[in-house]
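Please load the model in your viewer and keep the selection tool at hand. We will go from one stop to the next, and at each I will tell you what to pick and what is there.

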Amino acid sequence: MQINRMLLYGPALLFAACLCTRCQSPQAEKSTAVPNLVLILADDLGYADVGFNGCKDIPTPHIDRIANEGVVFTNAYVTWAACGPSRAGLITGRQQERFGFRRNPLFAPNDPDMGLPLSEQTLAEALGQVGYRSAAIGKWHLGAHPSLRPLQRGFDDFYGFLTGGHRYFPEEWTLEDEYQVKSQFAAYRTKLLRNNQRVEEEEYLTDALSREAVHYIREYKDDPFFLYLAYNAPHGPLQATESYLDRFEHIEERKRKTYAAMVSAVDDGVGRILDQLDQLGLSDNTLVVFLSDNGGPEHVNASDNGSLRGRKGQLYEGGVRVPFAMRWPSEFESGQRYDSLVSSLDIFATMAARSEERITLRNPLDGVDLLPFLNGEKEGSPHQALFWSIHDREEVAVRSHQQKLIVGSPEAQLYDLRTDIGESENLAEKQPAVVDRLQKQQKDWLSTLAAPTFMGLAQDSLYNVLHPDRFVRPGENQ
Ligand code: CA
């Protein structure tokens, strides 16, 4: 129970502690202005596919600029090993299993339960209380029902698509709206939405999203703003323009070449955004965050998780440890490498802490304010442990300091990440006491979670049987 209480209320206690230290610290006196937030999320990007994590064949100079002018997190995690639940954790600052978001949601525009429950508060809603304007650009994946879309979840503007992926070339966007979709992945062909209106877009998708990001920075420049830029690149399908492909003549393998071109397009977009912030004089007081929503599915999109074992969908490091960098020139020094445990949950907490006396949080957060750890006010690790769960496979994992325990089929696996980052030597038999201790932590954590509130991708066929009106426009006969 001790652990449960810490998990539920620990961050709130940390908030209070942070307030006190900030009040007393000269460093904190700089923290008067509320920062803008530009949150850039890549999709299925491999851990080792950015320059700041050692990538050699795909230059990412602009993404690396965030790292070089800020901090690289070497032990940074998302909360799930695939898209939807990871995003639900990111945007609420809460471990998404607490509210039943335990599967990758289906595209189901008539289902008000398929997505982020209305009981949850998004970061855009929280920041809206203190005058922020917010835009969501790109992939949403938190619900396609009209009640669950970005403008209903605290965002002032939206440009993008509702489902878990999209094709990249405009000529393939042949479906006028969600009711012309007749199967899960046909939704990849819908026209884009600007707010609630379908639009005719002519650019390669990644370039279009970058253009819109720059547009909203200019539009919002006089207010504090939150830009949530959720690229779907380099998630499949693998599609790139010739101009990006031409940069990678040195890569012969077609999949890797196309993947590289897609990552390069994201990098160009990051460059356009950083340049726009510079031109408007906003860089100093803008927190720019770059991360991936899960590890690379190496076999699918030719991504590379480097020395990490496993891939998207798995609880090995390759599924949940992600490239993660942050820049905020007015608040912490450049060129840092930060090795303690951090989570995508911490972004919400870090932003909320800047305005916490004026924000009413609907639910307790699970993240931690990272700023005191980055500007030297606090030492130690922001997290003592991080947890993951894949409900449908009955798998659970915990990382506590350098030890990691994965329980599921076929057996318990214990790894020491300090000496074995590739999770190659299972120490479970040699260290049964450690297994027992970590398993107890897992059980305590699991007891705080809710049952799944919707069916996911794995239940697509069953869902279709149970919901024959899945794609039928309300009011029309099937
Ligand atoms: Ca993903």
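**Stop 1: the two domains**

Between the C-alpha centres of domain 1 and domain 2 the distance is 25 Å. To colour them, select 34-374 for domain 1 and 386-463 for domain 2; these bounds come from an automatic or database domain assignment. Before you go on, note that this is a predicted model, in which local features need pLDDT of at least 70 and side-chain atom pairs count only at pLDDT 80 or more, while totals for chains, interfaces and linings use all residues. Residues are numbered from 1 along each chain as its sequence is written, and side-chain values use heavy atoms, with hydrogens and water left out.

**Stop 2: the interface**

Now show the residues where the domains meet: 36 residues of domain 1 are in contact with 36 residues of domain 2 (contact means heavy atoms within 4.5 Å). About 3200 Å² is buried between the two domains, and carbon and sulfur atoms give 57% of that area. Buried area here is the accessible area (1.4 Å probe) that two parts lose on being put together, summed over both. Select Arg102, Arg103 and Leu315 next: they supply 26% of the area that domain 1 buries against domain 2, more than any other three residues.

How many salt bridges are there between domain 1 and domain 2? The count is two, where a salt bridge is a side-chain nitrogen of Lys or Arg within 4 Å of a carboxyl oxygen of Asp or Glu. Zoom in on arginine 103 and aspartate 392, which form a salt bridge with their closest N and O atoms 2.8 Å apart.

On the domain 1 side that touches domain 2, helix 9 (317-320) and strand 12 (342-343) each supply at least two residues. Helices (H or I, at least four residues) and strands (E, at least two) are DSSP runs, numbered from the N terminus.

**Stop 3: two buried residues**

Pick alanine 81, in the loop between strand 3 (76-77) and helix 3 (83-92). Is alanine 81 buried or exposed? Alanine 81 is buried, because its relative accessible area is 2% (buried means under 20% relative accessible area, exposed over 50%, partly exposed in between, with a 1.4 Å probe and protein chains only). Beyond its neighbours within four places in sequence, its contacts are Asn294, Lys312, Gly313, Gln314, Gly319 and Val320.

Then move to serine 400, in strand 14 (residues 395-400). Serine 400 also counts as buried, at 6% relative accessibility. Leaving aside neighbours within four places in sequence, serine 400 is in contact with Gln384, Ala385, Arg437, Leu438 and Gln441.

**Stop 4: backbone details**

Select the loop between strand 8 (225-230) and helix 6 (242-245), where proline 234 sits. A cis peptide bond with omega of about -5° joins alanine 233 and proline 234. Proline 237 is in the loop between strand 8 and helix 6 too, and the bond from glycine 236 to proline 237 is cis, with omega near 5°.

Finish with two positive phi values. Aspartate 44, not a glycine, has phi near 65°; look for aspartate 44 in the loop between strand 1 (36-42) and helix 2 (61-68). Aspartate 44 is buried, with a relative accessible area of 2%. Alanine 302 has a positive phi of about 65° and lies in the loop between helix 8 (298-301) and helix 9. Alanine 302 counts as buried at 13% relative accessibility.
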